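Biologist: Could you take me through this protein? I would like to begin with its charged residues and then turn to its strands.

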Amino acid sequence: MARGLEPAASAPGAGERPWTDDAVVYEIYPRSFQDSDGDGIGDLAGIRSRLPYLEWLGVDAIWLAPIYPSPLADYGYDVTDHKAIAPEIGTDQDFDLLVADAHDRGIRIVLDLVVSHTSIEHPWFRERPDFYVWSDGPEPPNNWLASFGGPSWTRDPATGRLYLHSFYPEQPDLDWRNPEVREAMADVVRHWVGRGADGFRVDAVDRMVKDAELRDDPPAREPFPLPMPEALLRRDLVNSRDAPDIGIALAALREAAGRAPLIGEVYLPVARVLPYLEHLDAVFGFDLLHAEWDADALAAAIDRSSAAGGIAWVTSNHDFPRVATRWGEENARAAAVLLLTLGGAAFVYQGEELGMVDGPAADPVRDRYGRDACRRPMQWDPTPSGGFSRGDPWLSPVDPATRNADDQSADPGSILNLFRELIGVRREIHGTPARIGSPDGTLAFDRGAHRVAINLGGSPAVVPAPAGSELVLCTAPGAAELHEGELRIGAHAAAVTCER
Ligand code: NOJ
């Protein structure tokens, strides 16, 4: 039976927690999810056709990576019209139908708000130069570096002035100190709330506001713990991003969004996210995503993140190598247990539920920063196209013959069915995670009566289990067993138990 959502009017009242708090949000990279018209590019109608799958999987919401018109310098993160839908992705009507159908099934819609910058082809860049950050000197005014390499300042041939860009030169940064920029983006947020969006993932939040005096970034005093190009690691990135008055920008988004949750992509170690949580409902926990597959490293990342509060857990997305590629295919199931039992929002990137791996670099290269490998199409069936498109796909699938949703849904022992079971079981798990002591190479925590135990290593391990515990699930048939107060877990396996 369709789950059906309450209409927006009955959204939670003030003081109540946002719906994202314990939600499973499934990230869809629209171009690579499902093509409906044979042009080789995924689209909204394709997403809609796969809603029954998402409902079966049990997700609470889908996050659509940008669906707006874009010249694709950064594959959708360079937007030319924040209120429109890219023609290759669909029409306004496709969007309305998707929202209505998703809501009927109890699935909410999270849109991507790309607010820190626009495409250089956005009409604002010529019509409203005051919306951007410029410098008139012969040389760049500071030493700031763009995240994708090179200086953050590029000369505009039309005016001879330098403009600021935190990412590609085709993505000029907006000046959020300008109240008219804030109002223009608030208008975008209100537009999509009016069209049925239930929440927003906010892109590159830490770049929205920079030092007002454009001072240099000083040399690094301590290692930055998240991956970054080498040249940026040599700097202490305190002026080119993460300004102390970020609240001026976030308050504008918050007010426009009303009760719709805002999840921020703040690419900072979790120790620096607190100012963002004053206005956002949650921020992604990149400490966990980038931790080594090592019990101590994961435990430390989880502890730091839990202490911050408001962390949305995420272990992969369209920017970084997939879990099976980064942490090892043998660990993909245990990683799923970790992601889905930590409590708080959990973001699942499309294809992770199939244990998908990265593909080889694409030819021709699509993303200049090397992210094509993790953006290859979703694998629905064993045919060469993986059921993604009846045309020539913009990126080819990796290995649909051996990894696809059709085969895995029919196999009770598949990783897909493990994800589905986990999403069901997590609804019964309550309470803050409390880590417990466990042997080297294992990670274990309690949440209320439930215990989650993960064996990261290649040999079997034993984790204590309270008397009267029952096995709720494990990563594969026979991967764990309870025996007289002991939970025996096979190599690379994980289990959830419950004290009755
Ligand atoms: C983060 C997005 O996830 C990434 O794909 C994009 O390139 C940058 N922000 C810039 O918008």
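This is a predicted model: local features need pLDDT of at least 70, side-chain atom pairs count only at pLDDT 80 or more; totals for chains, interfaces and linings use all residues.

Biologist: How many salt bridges does the structure hold?

Modeller: There are 37 salt bridges in the structure.

Biologist: Which residue forms one with Arg272?

Modeller: The partner of Arg272 is Asp242, and their side chains meet at 2.9 Å, N to O. Arg272 lies in the loop between strand 8 (262–264) and helix 8 (274–277), and Asp242 lies in the loop between helix 6 (230–233) and helix 7 (247–257), so this pair ties together parts that are 30 residues apart in sequence.

Biologist: Is Asp242 buried or exposed?

Modeller: Asp242 counts as buried because its relative accessibility is 16%, and buried means under 20%. Arg272, at 24% relative accessibility, counts as partly exposed.

Biologist: What about Arg371; which residue does its side chain meet?

Modeller: The side chain of Arg371 meets that of Asp367 in a salt bridge of 2.8 Å, N to O. Both Arg371 and Asp367 are buried. They also belong to a network in which salt bridges with shared partners join Asp74, Asp319, Asp367, Arg371 and Arg375.

Biologist: And which residue pairs with Asp206?

Modeller: Asp206 forms a salt bridge with Arg207, and the closest N and O atoms are 3.0 Å apart. Asp206 and Arg207 are both buried.

Biologist: Let us move to the surface. Which residues gather in a patch of negative charge there?

Modeller: That patch consists of Glu292, Asp294, Asp296 and Asp440. One of them, Asp296, is found in helix 10, which covers residues 295–308.

Biologist: Why does Asp296 count as exposed?

Modeller: Asp296 counts as exposed because its relative accessibility is 63%, and the cut-off for exposed is over 50%.

Biologist: Now the strands, please. Which way do the side chains of strand 15 point?

Modeller: In strand 15 (residues 461–464) the side chains alternate between two faces.

Biologist: Do strand 15 and strand 18 pair in the parallel or the antiparallel sense?

Modeller: They pair in the antiparallel sense, over four bridges, with strand 18 covering residues 486–489.

Biologist: Which residue in strand 18 is the bridge partner of Val463?

Modeller: The bridge partner of Val463 is Leu487.

Methods
Residues are numbered from 1 along each chain as its sequence is written. Side-chain values use heavy atoms; hydrogens and water are left out. Patches are made of residues with over 30% relative accessible area and no salt bridge: like charges are joined within 9 Å, nonpolar side chains (Val, Leu, Ile, Met, Phe, Trp, Tyr) within 5 Å. Accessible areas come from the Shrake-Rupley method with a 1.4 Å probe; for residues, only the protein chains shown count as cover. A salt bridge is a side-chain nitrogen of Lys or Arg within 4 Å of a carboxyl oxygen of Asp or Glu. Lys and Arg count as positive and Asp and Glu as negative; His and the chain ends are not counted. The place of a charge is taken as NZ of Lys, CZ of Arg, CG of Asp or CD of Glu. Buried means under 20% relative accessible area, exposed over 50%, partly exposed in between (1.4 Å probe, protein chains only). Two strands pair if DSSP finds at least two bridges between them.
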